[in-house]
Amino acid sequence: MRLTLRLLSSVINKRPFYITTPIFYVNAAPHLGHLYTAVVADAIQRFEKLTDPNCNVKFSTGTDEHGTKIQQAAAKSNKSLINYCDNISKEYRELFDEYEVEYTDFVRTTEERHKKAVSHFWRKLVKNDYIYKAKYAGWYSVNDEAFVPESHTRDEVTENGKIKVSIESGHRVDWTEETNYMFRLSAFKTHLHEWLSTDGVIVPTKFQKQLQDLVSKDAYLPDISVSRPADRVHWAIRVPDDEEQSVYVWLDALVNYLTVCGYGDGDCAGWPADVQVVGKDILKFHGIYWPAFLMASGRHPPRRLVCHAHWTVDGSKMSKSLGNVISPRETIVPGALRYMMLREATLADDANFSSVKLLNIANSELADTLGNLAARVTGTALNPREEFPANKGLQHELASRLMDQIDRLPDKCHTHYSNYQFYKVVDAVMKVLHLGNLFLETIKPWELKKMKRQEELDAVIHITMEALRICSIILHPIIPSLSNKLLDKLDVPKDRRLWRHCQGAWRNGAMETRKIQSGKFVLFPRTYVDKKDAKKKAKS
């Protein structure tokens with residue numbers, strides 16, 4: 001019995017922490033909003049690994065490559081459908097690699113393993129009697145790839161006359177009548193209500209309340225169409241045993257999270273997902289349709305959906321039609337973009353992008369507050385021996401205050417990370433670093449050097465380097481390469497860069513003096529750009 005329990009415990013401990021982004025629609029090149037979703041998920045999984053070195057992370061992302069909009073985009077670009085999808089999918093991979101999104105699996109809906117998973121999932125829903133065939137009529141949006149209830153539409157007058165649009169997306173809808181397969185969504189209203197009543201299942205809570213309203217006692221939750229005529233949407237996965245129908249692109253896309261777990265080939269190890277990161281525009285699909293599909297197939301919904309608001313430009317959502325899409329590769333300081341997005345945005349509210357803001361944050365915080373502090377204590381002017389010196393004690397009120405703030409920082413930031421409040425992590429770290437800069441300005445270590453008061457100088461350098469070391473570890477999920485660059489300079493061993501190492505050396509005995517990497521050190525160079533040009537670039 002004890003052996004069985006030990007083996008069972010071993011299996012449980014090896015279960016991966018499974019986190020996903022949505023798979024991104026390839027009707028256009030990736031923009032800032034897509035990157036933001038990916039770096040939020042990446043920061044979450046990096047924090048998990050930082051706090052638990054034995055954590056086995058499964059992190060999936062990928063591209064959604066079926067549907068009418070893809071057919072139209074490929075035709076417009078004069079490429080074959082598969083070549084078009086290959087090119088855009090490759091752009092996503094390259095962008096995520098460039099911004100250090102450390103995914104473990106990149107799934108594409110055109111892959112054979114995914115087609116197999118979708119067919120298996122469809123047959124499971126049919127077997128469980130949650131899919132039926134019926135004639136369907138309603139307002140259909142090509143842009144949203146979805147039918148829209150009439151109550152969710154409004155009339156709009158354009159230069160071409162009066163049309164109906166979706167209230168939620170603003171996209172045109174047209175009356176469509178066709179024979180489709182339907183999913184019995186109405187059968188899951190009570191189950192969805194119970195799931196959505198679980199504290200923390202949707203974060204932030206404002207989005208959980210939005211979903212609860214959709215399945216409230218008085219809300220109408222109709223069955224939904226889950227197929228399209230194949231002659232209208234031919235670039236799609238065919239319905240098993242019915243070549244005249246294509247699987248609805250959203251049902252197809254959502255199954256990708258199971259595809260990554262080996263669904264259809266085995267026991268789908270790793271499901272349910274621990275965290276699924278989504279934008280607020282696709283919350284209904286992930287917070288209503290997806291859990292209902294899963295329940296119908298006999299599987300549990302995800303443990304948590306982390307939903308985020310949008311990035312806007314001049315207060316407007318980015319869109320091709322408005323011509324205000326920000327390409328992450330063309331921003332004024334690409335090396336600081338990941339930092340700014342996690343530093344500026346809250347999950348609950350839209351954040352506004354500005355090239356000038358990006359420039360100011362990069363220079364003031366990365367180059368000056370963090371970078372300049374590191375350069376001063378590692379440079380030969382103050383530290384000609386290029387050492388991380390031991391601290392034999394420094395009696396100064398500001399030193400005690402700085403050490404106290406460093407001691408408090410890890411617990412404070414752990415709470416912020418656990419609540420996905422990355423901006424609060426950065427705020428807390430920056431306060432410590434500002435205090436570190438004030439500490440140097442007040443103590444004036446260059447004067448200690450002139451007076452050859454080496455022991456006091458060593459203490460000042462030690463305390464400041466400890467602040468830098470601990471802040472670098474804490475910031476790793478937000479700026480991984482810069483964090484590692486600074487820790488490399490301080491010659492911190494790779495196996496000493498975990499959350500448990502965020503403790504000042506003064507708390508566990510004096511550290512021995514050791515060498516740091518030699519040579520001039522520039523963590524993040526200042527960027528000099530004409531601010532008028534930056535404003536023009538932001539508008540162009």
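Predicted model: local features only at pLDDT ≥ 70, side-chain atom pairs only at ≥ 80, totals over all residues.

Let me start with what I mean by a cavity: on a 1 Å grid over the protein atoms alone, it's a set of points where a 1.4 Å probe fits but cannot get out, and a lining residue has an atom within 4 Å of a point. Grid points are joined across faces, edges and corners, and the volume is the space filled by probe spheres set on the points.

Residues are numbered from 1 along each chain as its sequence is written, and side-chain values use heavy atoms, with hydrogens and water left out.

So, how many cavities of 30 Å³ or more does the structure hold? There's 1, and the largest cavity has about 30 Å³ of space in it. Its lining is Y140, E145, R228, V233, V247, Y248 and V249. By class, that's 5 nonpolar, no polar and 2 charged residues. For the classes, Ala, Val, Leu, Ile, Met, Phe, Trp, Tyr, Cys and Pro count as nonpolar, Asp, Glu, Lys and Arg as charged, and the others, Gly among them, as polar.

Next, the strands. Helices (H or I, at least four residues) and strands (E, at least two) are DSSP runs, numbered from the N terminus, and two strands pair if DSSP finds at least two bridges between them. There's an open sheet of 6 strands here, in the order 3-2-1-14-15-9, with parallel pairing. Which strands sit at the edges? Those are strand 3 (105-108) and strand 9 (202-203), each pairing on one side only. Further in, strand 1 (residues 17-25) runs parallel to strand 14 (residues 275-279), joined by 2 bridges, and T20 stands opposite Q276.

One goes from V203 to P204, with omega near -5 degrees, and P204 is in the loop between strand 9 and helix 7 (205-214). Another joins W271 and P272, omega about 10 degrees; here P272 is in the loop between helix 9 (256-259) and strand 14.

Now over to some antiparallel pairing. Strand 6 (residues 153-158) and strand 7 are joined by 6 bridges, with V157 opposite K162, and the hairpin between these two strands runs through 2 residues. Strand 7 also pairs antiparallel with strand 8 (residues 172-183), through 2 bridges; V165 has R172 as its bridge partner there.

Is K164 buried or exposed? Buried means under 20% relative accessible area, exposed over 50%, partly exposed in between, using a 1.4 Å probe and protein chains only. K164 has a relative accessible area of 17%, so it's buried. Its side chain makes a polar contact with the side chain of D155, at 3.1 Å. A polar contact is a pair of N or O atoms within 3.5 Å; within protein, one must be able to donate a hydrogen and the other to accept it, and residues adjacent in sequence count only if both atoms are side-chain atoms.

D241 isn't a glycine, yet it has a positive phi of about 70 degrees, in the loop between strand 12 (238-239) and strand 13 (242-247). At 72% relative accessibility, D241 is exposed. K444 has a positive phi too, near 55 degrees, and is partly exposed at 33%.

Last stop, helix 11. Of the 11 residues in helix 11 (residues 334-344), 8 are buried, so the helix is largely enclosed by the rest of the structure. What do those buried residues pack against? With contact meaning heavy atoms within 4.5 Å, the list includes helix 2 (32-51), strand 16 (311-313) and helix 12 (355-378). Helix 14 (422-443) is also one of the partners.

Methods
1 Å grid on protein atoms, 1.4 Å probe; cavity = no way out; pocket = protein on both sides within 12 Å on 5 of 7 lines; lining within 4 Å.
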